[in-house]
Amino acid sequence: MSILVTPQTKILVQGITGDFGGRHAKLSLDYGTRVVAGVTPGKGGQFFEHAGHKVPIFNSVADAARETGATVSAIFVPPPFAGDAILEGVAAGLELAVAITEGIPVKDMIRVKRAMQGSRTRLVGPNCPGVVTPGTGEGSKGGCRIGIAPGYIHKKGRVGVVSRSGTLTYEAVFQLTSKDIGQSTCVGIGGDPVNGTSHLDVIKLFNDDPETVGIIMIGEIGGSAEVEAARWIKEHCKKPVAGFIAGSTAPAGRRMGHAGAVIGGAEDTAAAKIAVFQECGIEVAVTPSDMADALIRAAAQAGVKLS
Amino acid sequence: MNIHEFQAKALFERYGVPVPKGAAATTPEEFITALTRLPDGPTMVKSQIHAGGRGKGTFTDGFKGGVKFSPTKAEAKDLALKMLGNTLVTAQTGPAGRKVQTIYFTAASDIKKEYYLAILLDRATSRPVIVASTEGGVEIETVAHDAPEKIHKVHVDPAYGLADFQVRELVFKLGFNPVEAKNAAKLIRNLWTMYWETDAAMIEVNPLITTPTDEVLALDAKVSFDDNALYRHPTITALRDLNEEDPKEIEASKHSLSYIALDGNIACLVNGAGLAMSTMDIIKHYGGNPANFLDVGGGASKDQVVAAFKIILGDPNVKGIFVNIFGGIMDCNVIASGIVEAVKEVGLKLPLVVRLEGNNVAAGKATLAASGLALVSGDTMADAAQKIVKLVV
């Protein structure tokens with residue numbers, strides 16, 4: 001198994017006729033992902049065509065889900081309309097909405113998250129690279145790729161990766177694949193201050209997933225989500241975990257690009273988070289080049305075979 | 001986006017949050033007209049820069065205090081002349097300090113007691129939180145650490161908004177007398193409305209004060225806004241003061257680059273914020289010092305790379321450059337060609353280490369090798385970081 005999505009999962013893309021959404025819908029189709037519908041209000045009845053695929057476009061998420069059986073949405077809608085797009089997926093009863101959009105106002109996300117309370121839909125993101133469950137084909141083709149991650153760097157296997165940052169996730173995945181260690185599912189939860197799924201939510205899913213035998217958790221300065229996850233891992237996680245925190249050298253009080261990383265509390269510096277990781281038995285990667293090796297060390301200690 | 005105290009207080013007044021009477025001025029001539037708008041008597045003279053710790057700051061010419069009390073308006077003008085155009089260094093400005101270009105005069109208030117009040121996002125609950133304390137006028141971090149029971153928090157449900165009972169609870173906890181309580185409740189409600197309507201990221205009032213006549217006033221105001229929401233607030237966007245921003249950061253934002261200047265000598269050019277942060281970390285890990293944070297985004301087009309190199313080279317401290325690109329979707333060969341063209345265009349003379357990984361990387365490395373440029377190739381982040389540190393130190 002994997003978490004969140006499998007190669008059989010049917011995906012719809014909100015914003016499929018935009019440049020960004022269209023480009024990545026094509027890459028997902030090339031990867032072998034079952035992109036079964038697109039949603040662009042006003043373009044219902046048209047088709048999104050690529051390399052022999054003919055994906056129907058609908059006016060609403062509800063129509064797309066009902067007609068195609070799609071259960072998961074990839075959201076590429078521009079920031080002013082992205083909050084609304086997420087709620088449309090929630091109203092349609094989707095299992096999972098993955099919001100790739102970067103730059104959604106915080107207030108919109110505060111309201112969206114409140115409105116989602118009690119709904120059956122899980123949100124991953126926003127401002128995230130998405131979710132990949134690698135397939136068994138060449139370059140991990142045949143898997144489920146939702147979002148913007150490069151598919152070919154993956155390899156089907158047994159390590160779960162969860163991260164706030166895009167390129168840093170790719171770095172970890174690439175290191176694993178280079179060492180012939182495959183991944184069960186890789187989840188980019190996004191760097192925004194208000195997001196749908198936390199490190200801890202994903203760690204719990206990996207802990208319960210029989211296919212996942214080891215976990216890499218990548219975090220950043222700001223907030224306390226990694227600390228919360230680390231404390232839970234110490235008490236409950238049965239699997240070896242390696243961790244990395246970016247931002248040791250970040251100056252206090254500055255926002256680092258879209259990373260949503262503002263230093264403010266007692267446990268949100270890199271040093272504080274790393275200390276909590278160590279205290280909770282997480283093998284800390286000393287540099288970003290050390291992420292896969294850190295997991296190999298943790299697995300060796302626990303007597304777990306990663307591949 | 002940050003704004004100045006005088007701008008924040010103008011917004012406070014618009015939302016019905018009482019502040020001491022004040023007037024801002026940017027030239028000695030304006031000082032006179034500004035001061036005529038204030039009542040006679042004790043006056044505060046406040047340097048306007050985007051950094052905290054102004055009162056305890058020192059100007060580069062040795063003059064102490066960026067916020068001063070003056071018993072008369074005449075003396076206020078003299079103090080303002082010493083501050084205007086002078087560079088103020090505070091705990092938050094860094095050693096370079098900030099040039100004071102605006103002075104804000106306010107009528108000095110009689111203070112009965114100082115409080116603390118702020119509204120910001122609580123990331124742990126994804127809800128706005130109002131933070132208040134009876135310990136105002138001091139560093140709130142110290143209070144939070146030494147006497148956490150004196151920090152009161154009210155989380156606001158975004159579906160309902162701030163409830164009256166929550167405001168009542170808060171003012172009772174702060175121990176106001178009945179008249180103060182009524183004034184404070186109104187102030188807190190109005191401040192909340194401002195926070196919510198303007199997409200503020202943070203509003204901090206330290207101190208909030210009571211006066212002998214039971215008024216409640218915001219004596220200071222620190223306000224910042226969510227950059228992502230500025231598109232729907234043109235009047236707030238107009239408050240942006242480019243004088244307070246690093247010219248290199250402004251130039252970077254024109255090219256959709258995210259750049260933050262630091263004080264080291266190894267410049268970084270990276271795609272992705274997380275990778276950019278950890279590139280700085282790995283330079284430090286191997287004994288070097290990063291000169292900047294620079295995220296060229298996922299695309300890393302040639303034009304962006306050229307602009308990035310120019311910005312980096314505008315920093316006289318830079319002694320070497322570390323380019324770290326993980327080309328996921330992007331073809332590494334396209335990125336490599338961009339780097340080669342950029343280096344040729346800017347005529348680089350400093351050591352350059354390039355670590356390229358990802359899609360079509362072999363072709364990318366070949367392009368770099370065939371370019372004839374004196375650049376060093378790194379295989380992993382660790383390898384490249386060690387190489388640039390060695391070349392610079």
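Predicted model: local features only at pLDDT ≥ 70, side-chain atom pairs only at ≥ 80, totals over all residues.
Start with the serine. B:S278 sits in helix 9 of chain B, the run spanning residues 273–285. Its relative accessibility comes out at 0%, so B:S278 counts as buried; the cut-off for that label is under 20%. What does B:S278 touch, once its neighbours within four places in sequence are set aside? The list has A:L168, A:F244, A:A246 and A:P288 from chain A, plus B:M381 from chain B.

The lining of the largest cavity is made up of A:P129, A:G130, A:V132, A:A149, A:H154, A:T169, A:Y170, A:V173, A:C186, A:V187 and A:G188. Three elements of chain A give two or more residues to this lining: strand 8 (130–133), helix 5 (166–178) and strand 11 (183–188). Sorted by class, the lining of the largest cavity has 7 nonpolar and 4 polar residues, with no charged ones.

Then there are the open spaces, where the second largest pocket takes up about 640 Å³. A set of 33 residues lines the second largest pocket, and A:K113, A:N195, A:G196, A:S198 and B:S126 are the ones that lie nearest its centre. Chain A elements that each supply at least two lining residues are helix 4 (106–116), strand 7 (122–124), helix 6 (199–208) and helix 7 (225–236). Which element has the largest share of the lining of the second largest pocket? That would be helix 4 of chain A, with 4 residues. By class, the lining of the second largest pocket splits into 15 polar, 9 nonpolar and 9 charged residues.

Last up is helix 2 of chain B, residues 28–36, whose buried residues are B:F31, B:A34 and B:L35. These cover an arc of only 90° around the axis, so they end up on the same side of helix 2 of chain B. On the face turned away from that buried side, helix 2 of chain B carries the exposed residues B:E29 and B:T36. As for packing partners, the buried residues of helix 2 of chain B pack against strand 1 (22–25), strand 2 (43–47), helix 3 (73–83) and strand 7 (103–107), which belong to chain B.

Key. Residues numbered from 1 in each chain as written. Chains lettered and ligands numbered in written order. Heavy atoms only, no water. Buried < 20%, exposed > 50% of the residue type's maximum accessible area, 1.4 Å probe, protein only. Contact = heavy atoms within 4.5 Å. 1 Å grid on protein atoms, 1.4 Å probe; cavity = no way out; pocket = protein on both sides within 12 Å on 5 of 7 lines; lining within 4 Å. Nonpolar A, V, L, I, M, F, W, Y, C, P; charged D, E, K, R; others polar. Points joined across faces, edges and corners; volume = space filled by probe spheres on them. Arc of directions from axis to C-beta.
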